[in-house]
Amino acid sequence: MSKQRAKLVVGNWKMHGRLAENATLLQAVAHGAGELPADVRVGVCVPSPYLAQSQSLLEGSRVVWGVQDVSAFTHGAYTGEVAAPMVVDFGATLAIVGHSERRAYHRESAELVAVKTQRALEAGLTPIVCVGETLEEREAGLTEQVVGTQLDEVLAKLSVQEAARLVVAYEPVWAIGTGKSASSEQAQAVHAFLRARLAAKGAAVADVPLLYGGSVKPENAEELFRQPDIDGGLIGGASLKDQDFLAICKAAAATSVAG
Ligand code: PGA
């Protein structure tokens with residue numbers, strides 16, 4: 001059954017940004033977000049060195065901020081790692097976990113992604129758990145099996161109460177940074193599948209925000225966000241341009257209850 005949920009649009013800056021250009025972008029996003037209806041939430045996940053800058057420029061605005069990964073450990077001799085409680089020190093509330101770039105380039109296993117999700121939750125962060133299939137997997141008819149297993153690995157480690165605090169992002173690997181988004185029908189079909197999987201964990205989990213990511217642009221955002229099980233987007237490239245990111249947020253507003 002389709003149901004109206006609040007919309008959430010989160011920028012994933014990846015390894016982009018410098019202090020001066022970030023200031024312009026963050027200020028523009030904070031300003032633009034202030035004009036959105038109350039049921040559209042906006043966030044940015046920045047490189048960790050820019051957490052302090054995000055805090056100082058976004059505090060008091062409608063925009064929340066966070067990171068793109070957290071360590072599976074809380075502290076200790078793990079050179080180069082950033083722990084979830086450190087992120088919380090800078091007022092952050094979001095942490096992307098299990099992005100396909102981390103699964104592929106940093107060999108993050110489904111088990112590791114699940115542990116990172118637990119660390120984020122323990123610290124009080126909202127984990128944005130990413131799942132998605134490669135082109136080969138889609139063409140082999142394995143999409144549901146792949147994303148279902150990725151989600152199940154995380155859900156298996158969580159209580160119903162913990163799982164209800166997740167955000168899940170469906171990001172087909174073949175659509176990320178390629179300019180080739182999934183069609184709204186393709187995305188909705190996978191979202192409906194994920195929604196059923198979440199609901200099977202418990203009634204409280206059925207309504208966790210389900211974001212679509214992969215070449216979301218101002219031109220295709222509204223059509224995607226109109227789908228009954230797409231609650232917003234995780235935005236890479238387009239989140240680096242204030243006008244594009246805000247246009248995507250406005251597309252979310254156009255499909256929100258209050259919009
Ligand atoms: P993209 O990236 O919007 O640039 O395709 C999305 C993501 O990887 O989160």
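Is R226 buried, partly exposed or exposed? Select R226 in this predicted model: the residue is partly exposed, with a relative accessible area of 48%. The cut-off for exposed is over 50%, so a value of 48% stays in the partly exposed class.

**Stop 1**

Side chains of opposite charge can pair when their charged atoms come close. A search of the whole structure finds 15 salt bridges, and the next stops show some of them.

**Stop 2: D152 and R197**

Select D152 and R197 and show the side chains. They form a salt bridge at 2.6 Å, N to O. This pair links distant parts of the chain: D152 belongs to helix 7 (residues 143-155) and R197 to helix 9 (residues 184-201), 45 residues apart. For D152 the relative accessible area is 30%, which is partly exposed. R197 also counts as partly exposed, at 28% relative accessibility.

**Stop 3: D69 and R102**

Move to D69 and R102, whose side chains meet in a salt bridge of 3.2 Å, N to O. Colour the two residues by accessibility. D69 counts as buried, at 16% relative accessibility, whereas R102 counts as partly exposed, at 22%.

**Stop 4: a salt-bridge network**

Which residues are linked with R5 in a network of salt bridges? Select R195, D207, D229 and D231 together with R5 to display the network.

**Stop 5: F73 and Y78**

Leave the charged side chains and turn to the aromatic ones. How many aromatic pairs does a search of the whole structure find? The search finds two. Select F73 and Y78: their ring centres are 3.8 Å apart and their planes lie at 5°, so the pair is stacked. The limit for stacking is under 30 degrees, and the angle of 5° meets it. F73 is partly exposed, with 37% relative accessible area. Y78 is partly exposed too, with 35%.

Notes: Residues numbered from 1 in each chain as written. Predicted model: local features only at pLDDT ≥ 70, side-chain atom pairs only at ≥ 80, totals over all residues. Heavy atoms only, no water. Phe/Tyr/Trp six-rings, centres within 6.5 Å; stacked < 30°, edge-to-face > 60°. Buried < 20%, exposed > 50% of the residue type's maximum accessible area, 1.4 Å probe, protein only. Salt bridge = Lys/Arg side-chain N within 4 Å of Asp/Glu carboxyl O. Helix = DSSP H or I, 4+ residues; strand = E, 2+ residues; numbered from the N terminus.
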